[in-house]
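Please open the model in your viewer and keep the sequence panel beside it. The stops below take you through one chain and then to the place where two chains touch.

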Amino acid sequence: MWWEGCPSTERALSELRDALSDVGLGGEEVRMREIRTDEQAAAARFTGSPTILIEGVELMAALGRGAGDEPAALNCRVYARRDGRVSPTPDPQDLRDALRAAIDREE
Amino acid sequence: MSVDIGDPAPDFVLPDTAGEGWSLRDDGTAVTVVVFTCNHCPYALAWHDRIVDAARDYADSDVRFLAINANDAERYPRDSYEAMQARVAREGWPMPYLHDATQEVARAYGAKTTPDVFVIDAAGALRYRGAPDSDYDDPTQRAAWLRDAVDAVLAGRTPERSQTPPVGCSIKWRR
């Protein structure tokens, strides 16, 4: 899910496709959903752009690090890289770990 | 509205987190760096330490840094005046953090994102506008574009790079 007010979408999509390839899911479809209004953000529990769902499970929640009580909003989402830096996109290793966790759930 | 390179930067009086008013043109400083920023944007947060380091590095020069938060705090409570006060108290900033509650200053400057950097000379003319450096994700950049502009103005030169596209979260305008 993405919002046009945040410029991170292209990078996030590229890193997600790289992560999919890395875990052997390079052929999987990535569905993009634009969030345009506060109402849509609330309904989708969208806490910022990008928000990535893998088989319906939010990426960071899948890793036990969900958005918690973060309010839904048209916003850029704050991620933490594994070295502690703030980033507008998830750590690529987090993407791979969440994808592998999804694969394990399916098996 | 917006300001072109060489144009007079709009003056303002805005309160910092202690309630003290700050004006663009009240002390004849050689260089003033105005940074539109906020509390919740990952781009602003990623660049923040580099801007803080620059403010500290130029503290003994005739340069001052003014950070301004213009985001709509009603829709984005993490950008409220109280949240700004808490952040400054927690982190100890080397520059005042000003609240543009009406968003008039951000509109007058044509600020688009957080961060959006404006470097202004002693005469009040805009000399650089844009991003702090080329990559929010690379701390080794050290706000190089901002520093280059400040150094040029201090040396009486025209900055080699006077304008770059601002990169970050859109300013959250009131509806």
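Strands here are DSSP runs of E with at least two residues, helices are DSSP runs of H or I with at least four residues, and both are numbered from the N terminus. Two strands count as paired if DSSP finds at least two bridges between them, and β3(B) and β7(B), which run antiparallel, are joined by 6 bridges.

Before you move on, note that this is a predicted model, in which local features need pLDDT of at least 70 and side-chain atom pairs count only at pLDDT 80 or more, while totals for chains, interfaces and linings use all residues. Residues are numbered from 1 along each chain as its sequence is written, and chains are lettered from A and ligands numbered from 1 in the order in which they are written. For chain B the mean pLDDT (the predictor's confidence in each residue, from 0 to 100) is 96, and 99% of its residues reach 70 or more.

Next, select the whole of β7(B), where 6 of its 6 residues are buried; a residue is called buried if 20 or more other C-beta atoms, placed from the backbone, lie within 10 Å of its own. On one side you will find D116(B), F118(B) and I120(B), and on the other V117(B), V119(B) and D121(B), with both faces covered.

Now follow the chain into β8(B), which forms a hairpin with β7(B), with 4 residues between the two strands and a positive phi of about 90° at G124(B) in the turn. These two strands run antiparallel and are joined by 4 bridges, and V117(B) stands opposite G130(B) in β8(B).

Then turn to helix α4(B), residues 144-154, whose buried residues include W145(B), L146(B), A149(B) and V153(B). Among the elements that cover its buried residues are β3, α1, β7 and β8 of chain B. Just after this helix, select G156(B), which takes a positive phi of about 80°.

Technical notes:
Buried ≥ 20, exposed ≤ 12 C-beta atoms within 10 Å, placed from the backbone. Contact = placed C-beta atoms within 7 Å.
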